[in-house]
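Visitor: I have a structure open and would like to go through it with you. Could we begin with the side-chain contacts and then turn to the overall fold?

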Amino acid sequence: PVIRHGQGGSRTDVVCGYLYSDDPLFDPGLRALPAAFVVRPSPGPAGRWVEASIAYALEESSGARSEYLSTRLPELLLIEVLRLHLATAPAVERGWVAALRDPVLAPAMALLHAAPEKKWAVAELAAGAAVSRSHLAEELLATTDVSVVEIAGRVGYDSEEGFSRAFKRNHGHSPSLWRGGRSGNRL
């Protein structure tokens with residue numbers, strides 16, 4: 001349908017649609033997105049592809065090939081529109097969007113999504129993401145105020161003492177002293 005509203009001005013086209021999925025991983029990720037967002041593809045191949053794909057889908061939606069178009073083309077459009085949105089989203093520096101760009105978290109998240117039924121241990125994720133428990137511990141000690149006992153659990157140790165001994169063996173200081181030295185260096 002065509003709706004005319006207002007007193008002239010530049011034309012705005014709004015195309016609506018939906019994409020349904022039974023995949024249990026589909027909805028949780030999308031819940032992190034805003035209910036509505038505007039994407040303005042920049043001039044160039046991506047923008048022309050989005051525009052042409054929407055025009056093609058609208059033209060062909062009533063034809064015999066509409067079954068194929070109703071699944072594959074919207075999926076491809078959604079992927080491109082999400083990519084464009086995430087490239088400019090204000091939350092790109094924090095939350096799960098930032099995790100997708102993080103060199104440590106992105107591979108770990110990919111492993112989790114590839115095998116959600118698996119009971120992952122931190123050490124397995126670290127190995128799969130090519131990151132040692134020591135690196136993860138350093139990162140947590142340097143960037144958070146999480147207690148040493150909690151960090152020990154997060155990096156796969158059953159006790160704070162075992163974690164502290166291993167950390168001291170690798171770094172020459174206990175986790176608390178190492179963290180304190182880092183804090184002092186930042187001032």
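This is a predicted model: local features need pLDDT of at least 70, side-chain atom pairs count only at pLDDT 80 or more; totals for chains, interfaces and linings use all residues.

Visitor: What do the side chains of Glu80 and Arg83 form?

Guide: They meet in a salt bridge, with an N to O distance of 2.6 Å. Side chains of opposite charge can pair when their charged atoms come close.

Visitor: Is Glu80 buried or exposed?

Guide: Glu80 has a relative accessible area of 14%, which is under 20%, so Glu80 counts as buried. Arg83 has 44% relative accessibility and is therefore classed as partly exposed.

Visitor: Which other residues of α4 are buried?

Guide: Besides Glu80, the buried residues of α4 are Leu73, Leu77, Leu82, Leu84, His85 and Leu86.

Visitor: What about the length of α4?

Guide: At 1.5 Å a residue, its 17 residues should span 24 Å. The end C-alpha atoms of α4 are 25 Å apart, which agrees.

Visitor: Where do Arg154 and Glu150 sit?

Guide: Both belong to helix α9 (residues 148–154); being four residues apart, they are separated by about one helical turn. Arg154 is partly exposed, with a relative accessible area of 38%, and Glu150 is partly exposed with a relative accessible area of 38%.

Visitor: And which residue forms a salt bridge with Lys118?

Guide: That residue is Glu124, with the closest N and O atoms 3.2 Å apart. Lys118 is partly exposed at 36% relative accessibility, and Glu124 is partly exposed with a relative accessible area of 33%.

Visitor: What does Lys118 lie over?

Guide: Lys118 lies over the face of Trp120, at 4.3 Å from the ring centre.

Visitor: Rings next. How many aromatic pairs are there?

Guide: A search of the whole structure finds three aromatic pairs. In one of them, Phe167 and Trp178 are arranged edge-to-face, at 5.7 Å centre to centre and with 80° between the planes. This pair links distant parts of the chain, since Phe167 is in helix α10 (residues 160–171) and Trp178 in helix α11 (residues 175–186), 11 residues apart.

Visitor: Are Phe167 and Trp178 buried or exposed?

Guide: Phe167 is buried, and Trp178 is buried as well. They also form one aromatic cluster with Tyr157 and Phe163.

Visitor: What is the C-alpha separation of Tyr157 and Ala123?

Guide: Their C-alpha atoms are separated by 9.2 Å, and the two residues are 34 residues apart along the chain. Ala123 lies in helix α7 (residues 122–128) and is partly exposed, with a relative accessible area of 35%.

Visitor: What about Ala99 and Met109?

Guide: Ala99 and Met109 are 10 residues apart along the chain, with their C-alpha atoms separated by 8.2 Å. Ala99 is found in helix α5 (residues 95–101) and counts as buried at 10% relative accessibility.

Visitor: Now the fold. How many helices and strands does the chain have?

Guide: The chain has 11 helices and zero strands. Of its 187 residues, 23% count as buried.

Visitor: And which residues of α2 are buried?

Guide: In α2, the buried residues are Gly47, Val50, Ser53 and Glu60. Helix α2 (residues 45–60) has 16 residues, which at 1.5 Å a residue should span 22 Å; its end C-alpha atoms are 22 Å apart, which agrees.

Technical notes
Residues are numbered from 1 along each chain as its sequence is written. Side-chain values use heavy atoms; hydrogens and water are left out. Rings of Phe, Tyr and Trp (its six-membered ring) pair if their centres lie within 6.5 Å; planes under 30 degrees apart count as stacked, over 60 as edge-to-face and the rest as tilted. Helices (H or I, at least four residues) and strands (E, at least two) are DSSP runs, numbered from the N terminus. Buried means under 20% relative accessible area, exposed over 50%, partly exposed in between (1.4 Å probe, protein chains only). A charge sits over a ring if NZ of Lys or CZ of Arg is within 6 Å of the ring centre and within 35 degrees of the ring normal. A salt bridge is a side-chain nitrogen of Lys or Arg within 4 Å of a carboxyl oxygen of Asp or Glu. The expected span of a helix is 1.5 Å times one less than its number of residues.
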